[in-house]
Each structure stands twice: as C-alpha cells, then as structure tokens.
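This report describes side-chain packing, ring interactions and strand pairing in the structure shown below.

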Amino acid sequence: MKNFELITDKKPSGDQPSSIKKLVQGLKNGEQNQVLLGATGTGKTFTIANVIKESGKPTLVLSHNKTLASQLYTEFKEIFPNNKVEYFISYFDYYKPEAYIPSSDTFIDKTSKGNVDIEAMRMSALNSLLSHNDVIVVASVASIYGALNREEYAWGLTELEIGQVYERTKLLRRLIEINYNRTKGDLVRGSFRVVGETFEIVPGWTDDFYLRLDFFGDELDSIEIVDPLNKNIIQKLQKYTIYPGDAYTIRKTTLKNAIPSIEKEFKKRLDYFEKEGKILEKERLKQRISSDIESLKEFGMTSGIENYSMYLDGRNFGERPYTIMDYFPKNSLMVIDESHMMIPQLHAMYKGDRSRKENLVEYGFRLPSALENRPLRFEEWENAFPWPKIFVSATPSNYEIEKSGEKNIVKQIIRPTGLLDPKIEVIPYEGQVDFIYDKLIEQRKVDEKSFILTTTKRFSEELSSYLKNKKIKSAYIHSEHKTFERNEIIRKLRVGVYEVIIGINLLREGMDVPEVSKVFVMDSDKESFLRSKSSLIQIIGRAARNVNGIVYLFGNKISRSMKLAIDETENRRKIQIIHNKKNGITPKTIFKKIPEPIHVQGKKNEKALELSQKMNAKEKSKLIASLRGQMLMASRKMNFEEAARIRDLILELECN
C-alpha cells in the first residue's frame, strides 16, 4: 500500500498540532464522528491533510458547492502531488430534469448540457479508486447519486503487458466492447485507431496523452505514453491498464438479462392502467417504454437509460443505488467540509427527486422502477458506509455536535500566522454605495481586494453596473455561472484583473482568498437565512486571511444575529490577542500560491498571457486589436462562450 506523502514547506502551527493529534487519536480509538470546529483562516484544510497522512486512509471529502470543491481539489492536489487526488461533481453545465405538472397538463422533457472535462475527471476518480489505495476524492452532493455497479465498471478494465500475446481482432473487439470508438481521423477521448501493427488509444478520462501499442505479430512489443502535441514519448511502460471508454460501460449480457425484467414490469403496469380505466396513461406509457425497449435491443442505449438503472445494476425495489462510495475500500475516511451546509443538502436530495418522479410514474411517463434511479436517502448515507466521519465547520449545527458528543469536538481558534478575526464596523444605509466606492478607491493604494455580499440578484447587477461605470474593475458572480467560470472569476480577482467581486450566496463559506481585506455586507440587519448568526460568522471569516481585514455590516440597527456574530468574533479576537502577546507573534497575511486554471479555456488564456509577457507595448496593442476582431466574429457567429473567453483575455492583457 502506498503512503500519503504531504509535500509542503509548512509545518503545523497555531492550534493545528493539537487538532491533528486529537483527530488522529480519535480515529485510532474508533470514534465514528468528530467535529473540527475551526475559525476561518486557521488552516482547517491543512489540518485535515495531516490527518489523512497520519491515518493513511483513502478519503472522500464532501463539499456543498462546486466552487469550494474545486478549491479543495486544487489545495489537496498541490500538497499531495505523488498521490491520487480526484474531483467528482455533477458533469452537467445545465440540467433540467423531466417533469409533469398535472394541474396544467404540462410535460417538461429533460434537457441538459454535459461538460466533457468534468465527465473525464469523474472517470479518473473511479479509475483511481479501482487501482490505488492512496486516493483523495473531493466531491459534491453528486457523490450520493447513482453510479454504475462497481463490479460492472471493473469488468471494463483491460490489462496489457509487454511480451504477452493478444490476437488483433480480439483486442479490436475488446476496445469496442468497452466503449472505445474506432476512427481513421483525429483521436479524441475514448477513441482509437490502428495503423499497421500499431494501436493508438486515447483514454476516456483524459486527452493529455495517448497510448501507443506496437506489436510484433500478435506479441505486444512496446507500450508508450505519447504527448499528442509534439508526439514525444513521455514514458515507456512494462504494463498498462486500459479503463472503460466512458462511465456507463456495461456488458451486453447485463443488458440482455435486464430487458426481460423491464418488459415484465412494463406489461404489469399496462395491465394496472387498463384495470384502473386510465387509458390516457396507458397509451403514454405504451408509446414511451416500447420505444425505449426497442432502442435498447437495437443499439444497447436509449435516452434516459438511467431510469432502468435498477435492472442494469441487478437491484430490487427499495435497495439503495450504487454510488462512488461503493468504489472506496472499507477502511476509508469521510470528511464533510462546511458541514452546517452539507448536511441539510444531503437531507434534501432524496425527497426533491422523489416528489418529481412520482408524478411521472403516476401519469404514465415512467415505470415505477424509475423511482429507484435516485440519490441515497439520508439514513442510507449515514449507515450504509460506516466509515469514521470528520465534520468541518466554523459554525457546526446541532446534528454534528450531537452525533459527535462534546468530547469529540476539536476547537481550532488560533491561526498559524497569528492573524486575528477581522474588525467589524456597523454602517447605516444612507450613502452606503458612495461609502463602498470610496473604500474601493482607497484600497487600490495597497493592492488589496474586496467582496460585496447582497441579498438580491437585482441589487447585485445594479451595483456591479454602477461600479463598472465608475471605472472599478468589478465582477458579479452568480448561480448561472458554470463551475469553471466561477473558479476563473475568483482566480482573476487574486491576480488583479478584478478589484472586487459581488455575489449573493456563493461568496459565503470557505472562499479562501487572502488578498481580500474588505468585506461589505448589505442588508445586515434583515434577519433571514442569508443574515443569520451562522451566515454572518461565515461571511466575516472571508476577511480573516488578511492582516488588514475589516468587515462593514450595513444596517440601521443591530439585529439579534448581528449581535451574536459580533460578540462571537470579539471573543475570538480576545483569545487570539492573548495568545499572540504571550508568544510574541506579529500577525501577517496568509500567503497562498495562485493556482493555474483546471479547465481547458482557462489554460488557453494562460498560455496567451505567457506569450504576451515577451511582447513590447506595440506588439501587445496589435494583439489586443486582433483579439477584438476575433471576439466580434465569434459573437456574430453566436459562439458566445468563445466571445466571452476572448473578452476576458483582452481584459487580462490590458491589466498586465
């Protein structure tokens, strides 16, 4: 078994050493639930990284939103470069599930847009779990949704070794069988081509390289990993495992065995509708399911195949679906980041999914077995995987506290850098926008950044527009941004493309941006979910990584939640000040490396920026003019994503 190697110059400090010791000891003692109650900026992620290293357990890290998940993924990947760090979130950029509204007799068909980069990363996670023990998977709530039966997916693994004999036609058939597409043209993910006695194969989970297999007759003579750009050999191997071409690779026999069961349920349901006199429902079901069965028989695939997952998995009614957690070994660890947000999310998934699908089943759009294509119930998540759990939050809820018990709550208040919780000022509403503008101009002198949190989309948009008109480099981050777009906006704030980011809820938990010294909180005195004690403490924490951290709470009165949050912050500041004086510590801003983009479009911009560094002013001006032309052309062709990418690149070039 390979050990976890923590590669970093940092050493645990502040409250981290005692937190690590207590958590590791808790795991050794067999404690099933522990809480890491850590103030923002105390290095909770670094503490957990050390716990993973010390315990040696494969780890699933759950995060309640994709932006935070990508941040955690980047951090773990950086400090565990020699281990398998993976990313598992929903692969949909846009998803509208099928639904039926009886009151208006409206059927809404499923529409979705997948993201091939995310899908590849999901496959990489499954592949690592099948072949390695030193695995950390950072995942969103997608982790409790159905995944292919582990045994079925593992069937698709194909082992190759130099010197072994592989009959050419059998290898061809095997690659097609595990969902690789043969091509004579360009190689893309999940495809292969044959040139003479050479096979060239691009894995389904990455296009960073391709595999070249050279044969002498039927004997495998060499296995090479090749750079697709310059064709240079990256590595020569003795053995290699080819993983399936996509994440839903099933045996023909599995499908063949499933179809009679689908047909049996189909007939039973038609008989039920006939008996109940529901002729319309019967006809709907007859048309839809007949078409699906015909497609499964003919092509081995149908739109909405996931609705038949119960039969493809070999499950019965009521049995829980397989998830990525089934790919983990039994000695694993689960870390629930920002647990006060993640736990309610885990609770809500099953009921929301169930209520929508019950209408589809009742009115003849789906078979009852479609209800078994579902996320885990909360109780299943709790009990089906009896791994030890560590709940991580600055504001844990009653659930985590009660599950763990007082003795298993590990508090982490002192920061390694000696930083204090930020100062707080309460500012009246009158003149608030002018106040924000003045502070943003003021902070330019020290090259620091800001967050502004509003409570409505409209106010966010209007404020963003106002600041842009005043020549403030601002960005508005919202739920309609795709996963990688959000990451890029945050990264651009850090590198200086933006001075301030405006948002509603996405800037609250876990956003680790040490360049942010000012946080402006609109409507602070309006009691709500967005302005509760817990929410305000989380928001205040966004300024806790900078020595000049200050939070402005806008309100004409001090609400109950404001008072509780201010008091909690002041108590922590007192503890931190006493610690610093006792140990002669001078607080300093956290330094954190700005990561490279983890997606294709961001990397394109990064390469263009590198080239621009070598240009003189005239050449750069010429490049910007050319890019403006390309942006207009992309816009005219209605390729708005490309136009937006070029727009962002122009903005970065102008700022560098």
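In this predicted model, Tyr100 has a relative accessibility of 6% and therefore counts as buried, the cut-off being 20%. Tyr363, with a relative accessible area of 22%, is partly exposed. The model contains 18 aromatic pairs. Tyr100 and Tyr363 form one of these: the ring centres lie 5.0 Å apart and the planes meet at 50°, so the pair is tilted. Tyr100 belongs to strand S5 (residues 99-101), whereas Tyr363 lies in the loop between helix H10 (339-362) and helix H11 (378-383); the pair thus links distant parts of the chain, 263 residues apart. Ring pairs also join Tyr100 and Tyr363 with Phe107 and Phe365 in a cluster.

A stacked aromatic pair is formed by Phe520 and Tyr552. Phe520 is in strand S24 (residues 516-521) and Tyr552 in strand S25 (residues 550-554), so the pair ties together parts that are 32 residues apart in sequence. Both Phe520 and Tyr552 are buried. The geometry of the two ring pairs is set out below.

| Ring pair | Centre to centre | Angle between planes | Class |
|---|---|---|---|
| Tyr100 and Tyr363 | 5.0 Å | 50° | tilted |
| Phe520 and Tyr552 | 5.3 Å | 15° | stacked |

Charged side chains also sit over rings. Lys10 is placed over the face of Phe46, 4.5 Å from the ring centre. Over the ring of Phe88 sits the charged end of Arg122, at 4.2 Å from the centre.

Which residues touch the most other members of the largest nonpolar core? In this core of 53 residues, they are Leu60, Leu62, Val137, Met325, Leu346 and Trp381. Helix H7 (residues 252-275) gives the most to the core, contributing seven residues. Beyond its neighbours within four places in sequence, Val137 is in contact with Thr59, Leu60, Val61, Glu86, Phe88, Ala125, Leu129, Ile324 and Phe328. Another core, of 31 residues, lies apart from the largest one and includes Leu23, Ile89, Leu333 and Val335.

Strand pairing is the remaining topic. An open sheet of six strands runs in the order S10-S11-S12-S13-S14-S15, with mixed pairing. Strand S10 (181-182) and strand S15 (233-237) each have a single partner strand and stand at the edges, so one side of each is left without a neighbour in the sheet. Within the sheet, strand S11 (residues 191-195) pairs with strand S12 (residues 198-202) in the antiparallel sense over five bridges. Phe192 has Ile201 in S12 as its bridge partner.

Conventions: Residues are numbered from 1 along each chain as its sequence is written. This is a predicted model: local features need pLDDT of at least 70, side-chain atom pairs count only at pLDDT 80 or more; totals for chains, interfaces and linings use all residues. Side-chain values use heavy atoms; hydrogens and water are left out. Rings of Phe, Tyr and Trp (its six-membered ring) pair if their centres lie within 6.5 Å; planes under 30 degrees apart count as stacked, over 60 as edge-to-face and the rest as tilted. Helices (H or I, at least four residues) and strands (E, at least two) are DSSP runs, numbered from the N terminus. Buried means under 20% relative accessible area, exposed over 50%, partly exposed in between (1.4 Å probe, protein chains only). A charge sits over a ring if NZ of Lys or CZ of Arg is within 6 Å of the ring centre and within 35 degrees of the ring normal. A nonpolar core is a set of buried Ala, Val, Leu, Ile, Met, Phe, Trp, Tyr and Cys residues joined through side-chain atoms within 4.5 Å. Contact means heavy atoms within 4.5 Å. Two strands pair if DSSP finds at least two bridges between them.
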